[in-house]
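Here's a quick tour of one model, feature by feature. Have the sequence and the 3D view open as you read.

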Amino acid sequence: MTSLAFSASLVATNKFRRRLPSRNTLVRCKLTEPLKFKDNGRPSIPILGGEQATFPSFLASNYLETNAINKNDTRLRIFSGTANPALSQEIACYMGLELGKIKIKRFADGEIYVQLQESVRGCDVYLVQPTCPPANENLMELLIMIDACRRASAKNITAVIPYFGYARADRKTQGRESIAAKLVANLITEAGADRVLACDLHSGQSMGYFDIPVDHVHGQPVILDYLASKTICSDDLVVVSPDVGGVARARAFAKKLSDAPLAIVDKRRHGHNVAEVMNLIGDVRGKVAVMVDDMIDTAGTISKGAALLHQEGAREVFACSTHAVFSPPAIERLSSGLFQEVIITNTIPVSEQNYFPQLTVLSVANLLGETIWRVHDDCSGGIEPYSSLGID
């Protein structure tokens with residue numbers, strides 16, 4: 001029996017190096033060890049600044065413990081919005097920096113107030129803010145953060161958007177519809193952003209909606225590396241696309257999973273967030289099916305696909321997705337026993353009540369942190385190329 005094998009480009013992702021400002025030392029850091037879970041499935045989040053501070057092992061470093069980093073040694077600044085502060089903290093920890101001081105509050109009427117608590121004049125500023133639910137609140141907060149940095153004379157402003165809301169509204173499927181993805185891209189550009197760093201956009205065409213550079217990072221290496229740690233025979237694997245639109249994504253995923261065979265679930269959608277499974281293309285009988293999608297919203301598509309896979313004789317079904325939107329009734333569907341494991345990343349924070357035993361949360365902090373370093377350094381230093389990160 002053969003175990004999972006990966007291409008050289010994927011293996012390289014386990015060799016990311018954390019570069020520290022004004023240092024020549026390179027610290028090796030594992031990419032995708034999942035967050036440790038405790039207390040009924042809840043992940044333990046790194047706590048900074050306390051006597052009992054705890055870190056995932058891929059963030060821990062003896063170098064950081066013995067060498068405090070002077071933030072004035074670099075012109076790079078990282079600020080976090082309120083959408084996903086835990087991910088922002090992990091990114092900053094990976095990079096050996098502290099999060100910038102920023103004041104964000106809501107007035108009584110719901111308006112958002114943003115004030116930078118430190119100078120960013122002439123700095124390369126990165127604003128980490130996914131536009132996840134509540135999408136409109138988080139999007140408006142991001143726009144105001146960008147405007148605050150622009151008016152504070154930042155040299156470059158990069159919007160780091162782990163999850164890009166409105167990405168599904170990327171085309172007109174009926175008459176008199178809006179293309180909200182293009183509108184949001186225009187808003188971010190007009191607010192003053194110089195660059196966008198996004199993770200697993202719903203469709204690649206969304207990059208063309210921006211009139212500024214877009215770095216598109218794929219979360220596949222994080223999930224693939226985790227699957228490689230499992231004792232699954234490569235001959236038993238089959239990668240399944242939950243719909244025809246995700247075939248290209250699933251094919252790329254299958255190629256790195258020992259070139260596993262591909263199956264496709266054919267569905268017909270009768271309305272928004274409503275899907276009906278029609279047929280299965282491919283053979284899954286007696287195999288371990290790995291369903292791959294960019295996001296799980298209400299879980300209607302992926303749960304009906306999993307039910308069909310079990311009917312067709314699949315031995316186990318794994319669900320893999322970068323973005324866990326988890327709109328009701330997603331949790332009930334995912335925890336119903338159809339899935340052996342549901343593997344997601346932390347691009348969107350998962351609320352405490354949405355954890356269930358089959359859920360595994362992986363961190364993309366190292367992936368985004370390394371990408372920020374390379375963008376900041378214009379990919380200098382002669383280390384692994386962008387292809388090892390899965391960056392378009």
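A residue counts as buried when its relative accessible area is under 20%, as exposed when that area is over 50%, and as partly exposed in between. Keep in mind that this is a predicted model.

Start with Ile296, which sits in strand S15 (residues 288-296). Its relative accessible area is 2%, so Ile296 is buried. Ala330 is 34 residues away from Ile296 along the chain, yet their C-alpha atoms are separated by 7.9 Å.

Now hop over to Ile157 in strand S9 (residues 156-161). Ile157 has 2% relative accessibility, so this one counts as buried too.

Next up is H3, covering residues 85-95: eight of its eleven residues are buried, so the helix is largely enclosed by the rest of the structure. The buried set is Leu87, Ser88, Glu90, Ile91, Ala92, Cys93, Tyr94 and Met95. Just past the end of H3 comes Gly96, with a positive phi of about 75 degrees.

What about the packing of H3 against helix H10 (residues 365-376)? Two packed helices are described by the angle between their axes and the distance between the axes. For H3 and H10, the axes come within 8 Å and cross at roughly 55 degrees. The crossing of H3 past H10 is right-handed.

## Another helix pair

Helix H6 (residues 220-228) and helix H7 (residues 247-256) also cross, at roughly 40 degrees, with axes that come within 11 Å. That angle makes H6 oblique to H7. H6 passes H7 in a right-handed crossing.

Two proline pairs deserve a look. Pro133 and Pro134 are joined by a cis peptide bond, with omega at about -5 degrees. Pro134 belongs to the loop between strand S8 (124-128) and helix H4 (135-151). A cis peptide bond also links Pro328 and Pro329, where omega is about 5 degrees. You'll find Pro329 in the loop between strand S16 (316-324) and helix H9 (330-334).

That loop between S16 and H9 holds Phe326 as well. Phe326 isn't a glycine, but has a positive phi of about 55 degrees. With a relative accessible area of 7%, Phe326 is buried. Ser258 is another non-glycine residue with a positive phi, near 55 degrees, and lies in the loop between H7 and strand S13 (262-271). Is Ser258 buried or partly exposed? Its relative accessibility is 27%, so Ser258 counts as partly exposed.

## One cavity

How many cavities of 30 Å³ or more turn up? The count is one, and the largest cavity holds about 30 Å³ of space.

Its lining is made of Tyr163, Phe164, Ala167, Cys199, Asp200, Leu201, His202, Met295 and His323. By residue class, the lining of the largest cavity has six nonpolar, two polar and one charged.

Notes:
Residues numbered from 1 in each chain as written. Predicted model: local features only at pLDDT ≥ 70, side-chain atom pairs only at ≥ 80, totals over all residues. Heavy atoms only, no water. 1 Å grid on protein atoms, 1.4 Å probe; cavity = no way out; pocket = protein on both sides within 12 Å on 5 of 7 lines; lining within 4 Å. Points joined across faces, edges and corners; volume = space filled by probe spheres on them. Nonpolar A, V, L, I, M, F, W, Y, C, P; charged D, E, K, R; others polar. Buried < 20%, exposed > 50% of the residue type's maximum accessible area, 1.4 Å probe, protein only. Helix = DSSP H or I, 4+ residues; strand = E, 2+ residues; numbered from the N terminus. Axes fitted to C-alpha atoms, helices over the stretch in contact; angles between N-to-C directions. Parallel < 35°, antiparallel > 145°, perpendicular 65-115°, else oblique. Left-handed = near helix turned anticlockwise from the far one by under 90°.
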